[in-house]
Amino acid sequence: MPTIDELINPTRPAGAYDDLLARVLPAARAQRVWEPSDGPLPAIFVSHGAPPTLDHPEWLHDLNTWGQSMPKPRAIVVISAHWENAPAALGASGAGTPLYYDFGGFHPRYYTLEYSTPDATDLANRIAGSLGYNPVHQFTDRGLDHGAFIPLMAMYPAADVPVVQVSMPSLEPAALLALGARLRTLRDEGVLVMGSGYMTHSFEIIRRPALAGHLEAFDEWAGQTIGRGDIDSLADFGNKAPGARIAHPTADHFVPLLATFGAAHDPSTARTVFNRTALGNHTRSIQVH
């Protein structure tokens, strides 16, 4: 993973991503599309990272390999740590909507990134009809934020899958579980439901590396609890997980995991797909059926 200095002044901003595209784009375009005989797609939780994830070849490889391990989705719905709006709202679903660069202080190249996905109006209408209230507001000018487009650029680099982003209605675990449950049946139609956050999300670890043990303890607890499919404990992570207040000073990057579990048919099937550390934080990412 790049150092802090390399993040601020990269020699090749998004260079690892450029290398990935050169290597995998033909396979991404040719990836087999989901068919009903494949059964429901999993629900997933991805630790997405900041734009310099695109400078991390191992992380990009993990994400791309994961995307290739499944049939290409018919569509994707994303719940990102970076958008809270009550009640739940939808992002722009038109083809080619510009990205929402919800970050600051990085190299200018990251503000020129493009991920131009196909029209997702049909999926947006389906989601709107499933949320249980009317009208559901759609922000026509809010494109995918980096919690959505950064991992998707690696998982589906051909940008040929329709994507809709749904806001978190609140940071309350029960609200995220309920939102995921409303999206569950979409998986039976080849729609990938993705919660996007970060398994640990501490900036203090960068300044105080001695805190690493707290993040390790939290990540180990999370891995074991996820492996048991113990939704009640995950929902009460602030009280039950060691190091919770250090690993997550705010809940926004953890609770998208609850949307993932809400969308699951069988929480006991949850498994860790990959886990690395980046600037002291854990990238544990999971899928569940």
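**Figure 1. Secondary structure of the whole chain.** The chain holds 12 helices and 8 strands. Helices (H or I, at least four residues) and strands (E, at least two) are DSSP runs, numbered from the N terminus. This is a predicted model, in which local features need pLDDT of at least 70 and side-chain atom pairs count only at pLDDT 80 or more, while totals for chains, interfaces and linings use all residues. Residues are numbered from 1 along each chain as its sequence is written, and side-chain values use heavy atoms, with hydrogens and water left out.

**Figure 2. Overall dimensions and surface.** Along the principal axes, the C-alpha atoms fill a box of roughly 50 × 45 × 35 Å.

**Figure 3. Burial and contacts in the chain.** Of the 289 residues, 54% are buried. Buried means under 20% relative accessible area, exposed over 50%, and partly exposed in between (1.4 Å probe, protein chains only). Take the contacts between residues at least 6 apart in sequence: 81% join residues at least 24 apart. A contact means heavy atoms within 4.5 Å.

Figure 4. Ala43, Phe45 and Ser47 point one way. Ile44 and Val46 point the other way.

**Figure 5. The partners of β1.** Two strands pair if DSSP finds at least two bridges between them. Strand β4 (residues 191-197) runs parallel to β1, joined by 5 bridges. Strand β8 (residues 285-288) runs antiparallel to β1, joined by 3 bridges. Ile44 stands opposite Met194 in β4. Ile44 also stands opposite Gln287 in β8.

**Figure 6. Lys240 in helix α10.** Helix α10 spans residues 237-240 and includes Lys240. This lysine has 45% relative accessibility, so Lys240 counts as partly exposed. Leaving aside neighbours within four places in sequence, Lys240 is in contact with Trp221 and Ser233. Phe218 is 22 residues from Lys240 along the chain, and their C-alpha atoms are separated by 9.7 Å.
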